[in-house]
Amino acid sequence: MSEAIKLERIGKAFGDVVALNGASLEVQSGEIHALVGENGAGKSTLMKVLGGLIKPDEGRVDVNGRDVTGWSTSDAIAAGIGIVHQHFMLVPTLTVAENLVLGCEPKSRAGVLDHRRAAEDVRKLSAGTGLAIEPERLIADLSVGEAQRVEILKVLFRGARILVLDEPTAVLSPPEVRELWAVLRRLRDQGDTIILITHRLDEVVDLSDTITVMRAGKTVARIKTADTTPAEIARLMVGREVSLSAGKRVQPLNQSAPANSDQGLVVRNVSVVGSRGIRVVDDVSFSVKPGEILGIAGVEGNGQTELIEAIAGLRSVAAGQILVDGVEITRHSVAKRHDAGLSHIPEDRHRRGLILEYTVADNLILGVQKSFARNGVLDNDRILANASEDISSFDIRPPNPILEARALSGGNQQKIVVAREMGRQFSALLASQPTRGVDVGAIEFIHQQLLDARASGKAILLVSAELNEVLALSDRIAVMYRGKFAGVMSSSDATEEILGELMIGARKGNAA
Amino acid sequence: MTATPAAARAQIITRAPWREHAEEALIPPLVALLVAAICGDLLILSYGQSPAAVYRLLLEGTWGNAYGFGQVLYKATTLAFTGLAVSFGLRAGLFNIGGESQLAAGGFGAALTGLALPVGTPLILALPLCMIAAGLGGGVVGAVPAYLKTKFGAHEVIVTIMLNFVVLALLNWFIAGHLHVPETLHTPEIHAGVLPRLADLSSTFHGSAANLALIVAVLVAAAVWFYLFRARGGYELRAVGLQPDAAEYGGISVGRVWMRALTFSGVIAGIGGINYVLGYKHYYEDGFASGAGFLGIAVALVGRNHPIGVLIAAFFFATLSQGGLAIHAFVPKQMMDVLQGVVILAVAMSVPEVRRVLRSARRTREA
């Protein structure tokens with residue numbers, strides 16, 4: 001077998017952010033090659049280098065033995081590289097055939113699109129690959145799995161012999177995944193080369209011949225699938241370096257069990273249906289007691305965001321109940337949930353948590369603006385006094401309440417959100433990625449705030465992509481995988497390896 | 001974290017960055033005006049006229065005499081209402097293109113009320129009643145796209161544009177079919193015993209159409225300012241306009257804010273109808289609102305959606321429009337339309353650019 005692709009020591013930085021730092025990839029022609037790694041490991045960036053969307057700062061790109069470093073997207077397409085993107089790029093108002101021939105339409109003598117020939121071409125290709133689809137159907141009428149088939153057909157139609165699939169199963173149901181596997185195997189057997197980007201380990205073991213593991217912009221391993229175990233891949237992905245000393249874990253609070261077991265946050269059999277009609281949260285139940293932190297670990301995109309938004313009232317639940325201190329809030333508005341004692345540090349402070357054009361002081365009253373108004377008129381003196389207090393107790397810098405929030409650093413912006421959400425009366429707190437994009441000092445500070453809230457008897461639900469954060473703060477840890485809790489355990493029983501395997505579905509846990 | 005709260009509080013700066021605000025508010029429009037003036041010079045020169053002479057004539061015909069100035073104020077009044085209406089919607093992130101029909105419906109409401117009131121109704125009662133009717137007329141037209149957007153997600157731009165045709169055609173049908181004075185397309189005059197022509201109340205502007213509605217416009221601008229920047233409702237409205245996801249997270253009902261913003265945008269435009277109907281003609285005439293609604297968009301844009309900016313921009317556009325009449329002898333009146341367009345383009349293009357330059361200059365100054 002010859003090498004179809006050879007990427008050597010690729011480096012790429014966006015401003016100060018280093019996305020790739022010595023990433024390498026070797027793919028033999030006629031194999032299915034899995035490229036795995038956590039979110040932000042650089043998998044997609046590396047594929048963009050291959051596809052000509054990004055020019056690397058350093059390194060060398062060889063395709064079929066030819067040096068093509070820094071080529072363009074059209075060069076890449078001409079050389080037979082086809083990238084199937086995670087987000088579909090189809091025109092919903094056109095038919096399957098029209099989408100496929102877009103850009104290279106067969107024309108009749110009068111220069112008009114020859115629909116019949118287009119449909120015929122598509123049908124021929126469809127039969128040859130096993131990607132069954134009716135050429136005359138509208139894209140808008142297709143299911144997600146069918147739309148993906150069209151995406152794959154589209155790159156094949158352009159003559160691609162090297163296929164890159166970016167997270168192809170993210171939106172598919174299990175039967176659709178099995179169909180896709182069959183198609184990919186068939187394409188491989190016909191001699192095509194396939195690169196599969198994923199962070200789901202079961203898929204990797206199922207399908208691939210060779211695996212490249214990336215972490216933090218680097219390639220850390222290249223292994224034959226047959227010679228490895230899911231546990232080893234998981235360890236490589238998560239990395240040993242980020243291990244955590246046991247001394248940093250929280251000590252379980254020695255509290256007597258609360259008289260009323262309804263206290264805190266209770267979630268019963270909650271399901272959430274996502275935008276594509278799939279159950280992104282599937283019958284999840286748990287409770288968080290006062291004075292407890294329940295950490296939810298998991299690879300992003302497994303339903304954590306939707307679960308938190310459903311509890312916060314930003315997304316409707318398809319089934320189930322949510323209670324705060326015994327009061328059912330399942331159908332309450334966001335404002336009424338606040339009144340019931342729910343507080344929420346959202347995962348995306350720029351989209352949800354802050355209004356960047358508002359001043360620090362105005363941001364510090366978002367959600368509690370009602371209590372700062374009398375007869376509908378805002379009390380500016382109280383707003384400023386409140387801001388001054390929060391700024392000094394949370395050390396928000398620069399200490400100027402009338403500065404636009406946009407002017408502050410990420411860590412200080414996050415402190416605004418934390419100060420506001422911790423400053424109000426609450427009994428249950430949803431803390432979603434509370435330290436994302438925050439500098440080290442602020443991380444420590446925010447962690448201490450969460451622990452203080454726990455000590456004062458608040459029920460805290462912590463969601464974080466950072467395993468060590470979950471391990472350091474939680475009393476109990478749940479792992480979310482494909483919309484369900486793959487396992488719930490006491491934090492003293494959890495290790496990074498166990499959590500890592502649960503996170504990628506490589507281990508079956510006790511979904512308590 | 002180290003300082004005691006009391007000590008830290010003493011360091012907190014509450015100085016408003018007035019200078020920066022003033023610079024960013026004033027310099028970009030001035031640059032835009034300069035660009036427009038240069039374009040105007042070239043246009044005038046292309047007609048073989050001296051720019052200095054034409055500009056002098058323009059100033060004499062507008063600000064230079066009491067009648068001209070009164071006419072500028074009259075035109076500015078309507079533009080202030082429609083500009084405020086558009087900017088109020090834009091603050092909530094909504095583009096109200098329905099100013100034309102809302103203004104017309106408001107004027108229609110005011111005229112109907114004026115015609116229906118019995119002779120001898122005290123002015124103190126008749127004027128507010130007519131204004132309420134005007135606001136209702138515009139508000140109803142504004143509420144339709146608001147409801148369709150909140151309920152069905154219909155885009156307000158499409159709905160307000162299409163509604164212009166529907167409402168104006170309906171009003172035309174009312175006037176032409178039922179209410180007109182024979183041979184005209186206007187209603188009978190409101191009886192002076194009910195409500196005198198507002199322009200007659202003061203003789204300051206020598207028979208021009210400037211009237212009490214100007215003061216109403218200033219009051220409405222003040223009210224809009226207070227609501228937007230001092231009231232809780234305005235805090236929520238601007239939050240929805242700037243970042244709807246964050247507003248929703250903050251417990252604000254985005255749909256309710258949309259409903260309120262578009263409806264009141266319509267109310268503001270509707271009240272503007274009194275300027276023509278009560279202030280000037282004393283009757284409703286088909287097509288009186290023509291153009292004023294759309295120019296309101298430009299006024300809001302140039303006024304940067306701030307009530308004070310909108311008042312200034314309205315005054316400026318009214319000057320151009322009145323000035324077009326004054327310089328008619330030298331250059332075609334249409335040149336003023338071209339100049340208006342140039343001003344809008346110059347503002348749209350130069351404001352972000354000038355602001356960027358200002359900010360980077362400030363950073364170098366601070367560094």
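Colleague: How many helices and strands are there in chain A?
Modeller: Chain A has 17 helices and 22 strands. Helices (H or I, at least four residues) and strands (E, at least two) are DSSP runs, numbered from the N terminus.

Colleague: What kind of model is this, and how are residues and chains labelled?
Modeller: This is a predicted model, where local features need pLDDT of at least 70 and side-chain atom pairs count only at pLDDT 80 or more, while totals for chains, interfaces and linings use all residues. Residues are numbered from 1 along each chain as its sequence is written, and chains are lettered from A and ligands numbered from 1 in the order in which they are written.

Colleague: What box do the C-alpha atoms of chain A fill?
Modeller: Roughly 75 × 55 × 45 Å, taken along the principal axes. For chain B, the C-alpha trace spans about 80 × 55 × 35 Å along its principal axes.

Colleague: What share of the residues in chain A is buried?
Modeller: Buried residues are 47% of the 512 in chain A. In chain B, 50% of the 367 residues count as buried. A residue is buried if 20 or more other C-beta atoms lie within 10 Å of its own, exposed if 12 or fewer, and partly exposed in between, with C-beta atoms placed from the backbone.

Colleague: And what share of the chain A contacts joins residues at least 24 apart?
Modeller: Among contacts between residues at least 6 apart in sequence, 67% join residues at least 24 apart in chain A. In chain B, residues 24 or more positions apart account for 80% of the contacts with a separation of 6 or more. Two residues are in contact if their C-beta atoms, placed from the backbone, lie within 7 Å.

Colleague: New topic. What is the average pLDDT of chain A?
Modeller: It is 85, and 90% of the residues of chain A score at least 70. pLDDT is the predictor's confidence in each residue, from 0 to 100. Over residues 241–247 of chain A the pLDDT is below 50, and that stretch has 5 contacts in the model beyond near neighbours in sequence.

Colleague: Where is confidence lowest in chain B?
Modeller: In helix α1 (residues 5–11) of chain B, at a mean of 43, whereas helix α11 (residues 254–271) of chain B is highest, at 97. Residues 1–10 of chain B stay under 50. Where pLDDT is low, the predicted coordinates should not be read in detail. Chain B as a whole averages 88, with 94% of the residues at 70 or above.

Colleague: What are the ipTM and pTM scores?
Modeller: The model scores ipTM 0.85 and pTM 0.74.

Colleague: How many residues from chain A and from chain B does the contact take?
Modeller: It takes 32 residues from chain A and 24 residues from chain B. On the side of chain A that touches chain B, α13(A) gives the most, with 5 residues. That side divides into 16 nonpolar, 10 polar and 6 charged residues. Ala, Val, Leu, Ile, Met, Phe, Trp, Tyr, Cys and Pro count as nonpolar, Asp, Glu, Lys and Arg as charged, and the others, Gly among them, as polar.

Colleague: Which residues is L314(A) in contact with?
Modeller: Leaving aside neighbours within four places in sequence, L314(A) is in contact with E309(A), V334(A), E248(B) and Y249(B). L314(A) sits in the loop between α9 (304–312) and β14 (319–324) of chain A. L314(A) counts as partly exposed, with 18 C-beta neighbours inside 10 Å.

Colleague: At what angle do the axes of helix α4 and helix α5 of chain A cross?
Modeller: The axes of α4 (residues 115–129) and α5 (residues 144–157) of chain A cross at roughly 105° and come within 11 Å. Axes are lines fitted to C-alpha atoms, for helices over the stretch in contact, and angles run from 0 to 180 degrees between N-to-C directions. α4(A) and α5(A) are therefore roughly perpendicular to each other. Angles under 35 degrees count as roughly parallel, over 145 as roughly antiparallel, 65 to 115 as roughly perpendicular and the rest as oblique.

Colleague: Which residues make that contact?
Modeller: L125(A), S126(A) and T129(A) of α4(A), with L153(A), L156(A) and F157(A) of α5(A). By class that is 4 nonpolar, 2 polar and no charged residues.
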